[in-house]
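Subject: Structure for you to look at, with notes

Dear colleague,

I am passing on the structure we spoke about, together with some notes on what was found in it. Please have it open beside you as you read.

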Amino acid sequence: MENFPQLVPLVVFAPLIGLLINLILGRWLGERGVGLVAIGAALTAFGVAVLEWIALANTGYAPSVVEIGILRDWLRIPAAAVDIAWQFRVDTLSVTMMLVVSGIGSLIHIYATGYMHGDKMYPRFFVYLNLFLVFMMLLVTGNNFLVMFVGWEGVGLCSYLLISFWWDKTQKDAKYGTVGWKNSLAGRKAMIVNRIGDFGLLLGIFLVFWTFGTLDFYKPGEVPIAAAHGAAHAGEGEAHAEGEAVVDTHAAETPAEGEALQAQPLSAAMGVFNQAETFLAEGREVNFGPFSLPIQTVLTLITLFFLLGVTGKSAQIPLFVWLPDAMAGPTPVSALIHAATMVTAGVYLIVRSNVFFHAAPFSSAVVTLVGTFTALVGGFIALGQWDIKKVLAYSTVSQLGFMVAAAGLGAYGAAMFHLVTHAFFKALLFLGSGVVIHAMEHGHHHVAHAHAEHGHEEGHHEEEAFDPQDMRNMGGLRHTMPRTYRAYLIGTLALAGIFPFAGFWSKDEILADALNAGFLGGKLEGYIAFGLLFVAALFTAFYMGRQLWMVFFGEPRTEAAKYTGERDFGYPVMVRVLEVLAVGSILIGLINIPSGFWIFDPVLPTHAFTDFLAHTVVYAHAGSAQMLLAFIAVGAGIAMLLLARFIYGRHPVVDGDKDPLEVREQTAGIFAYSNARMYWDETYYRFLEGPFNRAALWLADKLDGTFLHDFVHETLLRDAYNGATRVLTDPVDLGLIDGAVNGVGRLVRWVAGGIRRLQTGYVRVYALSVLFGALLIMVLLLAPLLRQMLGM
Amino acid sequence: MIELPTLESLNVVVTLPALALVLGAIVLLLVDVFLPERRRWITGWLALIGVLVSLGITLLTTDRTGEAFGGMFVADSFTAFLNVVVLITAAVGILIAMDYLRRTDMNRSEYYFLLLFSTGGMMFMGAANDLIVIFVALELLSIPLYVMSGFRRPETRSEESALKYFLLGAFSSGFLVYGIALIYGATGSTHLPAVWAAVSAIVEGGSSAVYLVLLGAGLIVVALGFKVAAVPFHMWTPDVYEGAPTPVTAFMSVGAKAGGFAALLRVLVIGLPSLIVAEQTAAAWVDALALIAALTMILGNFAAIMQTNLKRMLAYSSIAHAGYILMAVAAAGHPAVANQGVQAALMYLLTYAFTNLGAFGIIIAVERNDGSGVSLDDLRGFSRQRPWLALLMAFFMLSLTGIPLTAGFVGKWYVFWASINAGQVVLAVIGVLTSVVGAFYYVRVIVRMFLEEGSADLAQPRLPRTLRAGLIVAGLGTLIFGVLPFLAADMTTGIQIALAALGGG
């Protein structure tokens with residue numbers, strides 16, 4: 001079992017092998033073969049992740065660093081003490097991420113074999129999917145920031161490839177011409193917006209390297225110094241009466257780590273996090289050449305740069321605009337990359353760097369506020385969307401905001417917990433919506449075949465093709481697709497935070513942590529976060545209720561919706577996956593129940609997940625339960641679901657109709673604002689993209705064309721050079737340059753005469769250039785001495 | 001009475017790699033005389049064997065270090081590394097030339113003989129421990145190249161380029177001799193360690209001979225700057241590169257550069273590192289080299305943008321790359337980073353050798369027998385006809401740009417790192433910015449091949465085997481050193497050229 005960690009490279013290499021097989025042999029394997037290879041690769045990764053977990057549990061959760069012989073070295077300059085290596089890190093945090101990524105990933109691979117059935121680029125899809133796993137695993141298992149960055153960029157690339165996967169679709173689209181072009185633009189947007197974030201992350205990494213001289217999280221065998229502080233901090237957040245038991249468990253655990261800490265001598269061979277602790281303890285300053293900054297300031301800068309990266313990858317304000325558009329990709333991609341795994345990389349980054357964020361309260365406050373407002377804005381926009389996947393997309397933005405806000409408040413355990421539960425129920429919801437969309441398309445085909453034309457003549461939508469994702473076209477699907485409906489219902493309840501589904505545990509922990517941060521920690525951002533997150537949670541329940549009622553209840557509002565079903569080829573496997581995820585969405589919350597919670601406390605281990613994480617995330621602290629808050633939150637959530645039923649159950653919305661909220665005068669303005677996504681894209685277009693385009697045009701036309709080319713190059717350089725050459729060749733060459741040089745000049749001229757046919761005079765110019773260069777060098781070499789002489 | 005040297009004092013063993021190569025060249029010349037016309041193809045293979053034998057000897061004798069020929073010649077890890085670079089260049093140069101020479105009626109065996117001698121010159125350059133040897137090696141390197149540039153006679157462009165190269169080369173040789181004379185005058189020796197000792201004494205004693213040394217150093221920099229095509233001594237480069245037969249250009253762009261930089265490093269870092277005047281912290285030649293490096297990077301990259309001919313574009317690109325290496329040389333003038341600067345320069349030379357030879361290899365493949373077909377527009381739509389070759393070319397272009405996981409990136413990384421360690425932040429910033437400019441014209445090649453319609457294709461129906469072998473070597477080198485740079489980096493770690501024993505480090 002001690003050797004299990006050595007297997008960890010397999011989580012990267014198994015998908016890599018899978019994708020290579022599919023890349024080379026995909027054409028001959030057929031759909032079944034390709035699917036099996038891809039699923040096999042993903043399952044292998046999952047199996048390895050499970051083995052790592054077992055290994056950790058049996059070795060007292062000691063982290064290990066794994067290298068692979070010849071592939072260890074990456075960037076190494078012994079003379080400058082630079083050594084950046086391909087190292088894999090196995091600790092509780094990375095194993096958690098590995099389990100989520102490969103577990104959910106495997107399920108989605110299985111689902112995709114049904115969903116992508118019949119697509120002409122079937123093998124390519126699975127190659128991309130496996131490639132995504134490769135990079136995602138690299139991201140979460142890398143032992144230094146640069147390896148993580150490679151994964152970070154790689155998943156971005158896969159995201160881009162998969163968003164625009166259907167770039168060649170020829171259906172008409174009102175705004176962009178064809179759907180294919182729209183998909184391409186969505187991919188491009190994701191790519192560009194993410195580059196802004198990556199720029200921030202890269203700056204942060206540079207700064208880390210400058211400050212600490214290494215990028216490794218921890219060196220092999222190193223124990224986090226902060227482990228000792230961790231207990232104190234955990235107690236700090238636990239002053240509430242119900243939390244006392246937790247303090248005790250922590251106190252019982254920490255001494256072991258504390259002893260290890262004393263055994264570890266402070267040496268130069270420390271990873272960045274321990275160095276940061278040491279620097280902080282010593283109050284060191286970081287030297288930037290002309291000036292130096294205290295370590296706290298530097299950490300604040302680093303974490304703010306990291307935050308920019310987080311806002312890009314994890315779709316936070318202001319960079320979240322790419323994620324809703326990213327739904328142009330196939331639905332399994334939305335579920336895997338844009339809901340369950342890749343977009344949580346930002347949360348992982350914050351939690352991984354919890355030592356930095358802990359030492360930078362200002363950055364943490366900013367993180368909290370960014371996450372909180374994102375949660376609110378995402379939830380608000382989701383209220384007014386028609387597209388089933390757009391609702392889920394904004395919901396994802398909102399939920400990521402919850403995680404980021406929690407991480408900002410120092411509730412790293414709660415953030416990771418929500419990450420895990422969210423991965424389950426959001427994947428479930430996305431995959432469920434995929435089944436619905438699939439069924440709608442089939443229904444539409446069925447109708448189209450029966451009537452030779454479909455009934456969308458009236459209204460202003462007559463030019464548009466039938467939109468299988470528009471919830472106004474649905475209704476009553478619970479009769480035609482009962483199994484999907486049941487799974488979707490569970491997902492909805494989990495997301496809405498209804499007891500006892502997974503979302504309840506994690507969301508409630510975040511809310512309680514926010515409340516504690518405000519009341520007990522006295523943090524202003526804690527109050528703000530609590531208030532706004534609570535509102536966001538209400539939004540969540542409402543838009544999910546709205547979706548549930550529009551899609552599954554009432555009567556079918558189109559012919560297509562009538563002919564939906566879940567029995568054709570491809571459906572059984574997809575629905576089966578939904579049911580597995582539904583079970584997960586019910587149970588996964590139990591891994592981290594708070595202490596003192598009703599009957600659960602005596603039966604199940606409390607804070608199991610947070611304690612598990614705390615072996616790595618030194619500043620993770622167990623959350624507490626607020627029974628009253630939990631009651632209020634659940635009650636309010638149920639109330640919002642019922643309100644949604646009250647509004648949308650009574651007034652079924654048909655395509656072209658107005659939303660019930662739009663009809664009422666009091667809510668019409670709000671709904672329009674939400675439906676237009678708060679004009680976020682338009683604002684960016686107006687104030688960023690437009691001016692940028694104009695600036696680019698100006699640079700190309702005026703600066704480059706008129707000024708640089710016409711004026712500088714033609715007038716200043718060419719004419720001046722010709723003039724100078726004339727002056728230099730005649731008076732200077734004849735008059736000033738003597739002796740040997742003159743001889744050379746004559747020789748050159750003589751030769752020039754001989755080869756007049758070949759570019760007369762140019763060799764002379766060349767030689768002159770050499771001469772001037774020589775003079776220049778002489779002057780430069782003698783300059784210091786001359787200066788010294790003149791100075792004396 | 002003159003003391004006759006014994007075999008032992010000559011210490012011939014350490015000179016074996018170079019000796020083997022030169023002997024091979026001479027044997028080749030003899031064999032060639034007796035070869036009937038229809039067996040001429042053998043000469044190319046014989047030359048290749050000679051190069052490989054020398055390469056083998058180099059790799060086997062890396063631990064044989066020491067001076068030879070009374071201190072004129074020195075073998076150390078620097079020499080060994082440079083020999084590897086130069087010999088790989090020669091081997092690939094022969095591989096990519098064989099078929100081209102045949103189909104353009106230039107298959108005269110002098111080509112290989114000249115190439116071997118020029119290679120020998122480069123190797124002596126890397127092993128030179130004496131200013132006189134540097135001069136002799138420089139001529140041995142250059143004169144065959146002059147001839148090879150004009151190899152496509154009676155075509156005027158080729159002859160013109162040979163003549164230009166020769167005239168300007170002779171001009172710069174004058175500078176070199178003058179510089180050597182001045183340094184000899186000031187220090188009383190041409191032996192590099194002795195020069196070092198004398199210069200240290202001069203600087204410490206405040207003697208006015210320091211002016212002579214400074215002038216001499218400047219003149220040597222000029223001459224070697226010409227060889228490596230540094231601005232403002234670069235003007236011959238585009239004309240010569242364009243006019244010379246493409247395999248010659250390929251060989252010359254890498255080999256001459258390697259030789260020139262070897263000599264530059266030997267003279268400046270071994271002979272003149274202690275030339276620190278006026279209470280400065282770095283050697284006096286650092287500012288001059290830094291300025292040249294900046295100019296070279298800027299002009300090379302910007303001028304390359306304007307080019308429509310691939311060979312001319314790569315000529316300016318090679319000027320730009322000389323700038324990056326000069327940056328490392330300038331860094332080597334700071335005592336603390338001397339070794340690191342040297343390592344960076346060598347790494348860059350190695351990575352650049354593979355990449356540039358590869359790029360020229362592709363050009364050879366598409367060039368038509370009359371020398372046309374090498375303009376940028378001739379590559380339109382190349383990916384449709386030859387996807388693998390287009391991909392390879394794209395890879396070389398990305399490597400020249402310096403994209404990670406290619407050798408080019410590794411070279412740049414080492415150079416920038418050395419430069420920043422030496423405190424030349426401005427220079428490093430210029431380097432980064434100009435390599436962004438460089439991306440423009442390298443990527444343009446990729447755009448032409450992949451994104452534009454056209455019917456670009458090989459000059460011949462199928463890729464000749466020798467050329468393919470050359471391309472594979474170049475591509476593998478670019479890939480391997482891009483992904484696993486430590487393979488080469490480990491070889492450079494041992495290079496402690498800055499004479500730590502003498503206290504110059």
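Predicted model: local features only at pLDDT ≥ 70, side-chain atom pairs only at ≥ 80, totals over all residues.

Residues are numbered from 1 along each chain as its sequence is written, chains are lettered from A and ligands numbered from 1 in the order in which they are written, and side-chain values use heavy atoms, with hydrogens and water left out.

Chain A as a whole

Chain A has 30 helices and 8 strands, these being DSSP runs numbered from the N terminus (helices are H or I with at least four residues, strands E with at least two). Of the 792 residues in chain A, 57% are buried, where buried means under 20% relative accessible area, exposed means over 50%, and partly exposed lies in between, with a 1.4 Å probe and protein chains only. The accessible surface of the chain comes to about 32100 Å², and 66% of that belongs to carbon and sulfur atoms; such areas come from the Shrake-Rupley method with a 1.4 Å probe, and for residues only the protein chains shown count as cover. Among the contacts in chain A with a separation of 6 or more, 79% are between residues 24 or more positions apart, a contact being heavy atoms within 4.5 Å.

Particular places in chain A

Helix H8(A), residues 272–282, is mostly covered, since 8 of its 11 residues are buried. The buried residues of H8(A), including Phe273(A), Glu277(A) and Phe279(A), pack against helices H4, H5, H9, H12 and H13 of chain A. Just after H8(A), Gly283(A) takes a positive phi of about 65°.

Ser506(A) is found in helix H19 of chain A, residues 502–519, and is buried, with a relative accessible area of 0%. Its side chain makes a polar contact with the side chain of Thr421(A) at 2.9 Å; a polar contact is a pair of N or O atoms within 3.5 Å, where within protein one must be able to donate a hydrogen and the other to accept it, and residues adjacent in sequence count only if both atoms are side-chain atoms. Leaving aside neighbours within four places in sequence, Ser506(A) is in contact with Phe417(A), His418(A) and Thr421(A).

Over all chains the structure holds 31 salt bridges, each a side-chain nitrogen of Lys or Arg within 4 Å of a carboxyl oxygen of Asp or Glu. One of them joins Arg677(A) to Asp325(A), with the closest N and O atoms 3.8 Å apart. That pair links distant parts of the chain, 352 residues apart, with Arg677(A) in the loop between helices H27 and H28 and Asp325(A) in helix H10. Arg677(A) is partly exposed at 21% relative accessible area, whereas Asp325(A) is buried at 18%.

Where chain A meets chain B

In chain A, 40 residues are in contact with 48 residues of chain B. The two chains bury about 4000 Å² between them, 81% of it on carbon and sulfur atoms, where buried area is the accessible area (1.4 Å probe) that two parts lose on being put together, summed over both. In chain A, Tyr766(A), Val770(A) and Leu781(A) lose the most area to chain B, together 16% of what that side buries. Between the chains the count is 0 salt bridges and 1 residue pair in polar contact, both at pLDDT 80 or more. Strand E2 and helices H28, H29 and H30 of chain A are the elements that give two or more residues to this side, and H30(A) provides the largest share, 20 residues.

Particular places in chain B

Thr190(B) lies in the loop between helices H7 and H8 of chain B and is buried, with a relative accessible area of 15%. The C-alpha atoms of Thr190(B) and Ile132(B) are separated by 6.7 Å, although the two are 58 residues apart along the chain.

Arg40(B) forms a salt bridge with Asp32(B), the closest N and O atoms being 3.2 Å apart, and both residues are buried. Another salt bridge brings together the side chains of Arg380(B) and Glu452(B) at 2.2 Å, N to O, and Arg380(B) is partly exposed at 28% relative accessible area.

With best wishes
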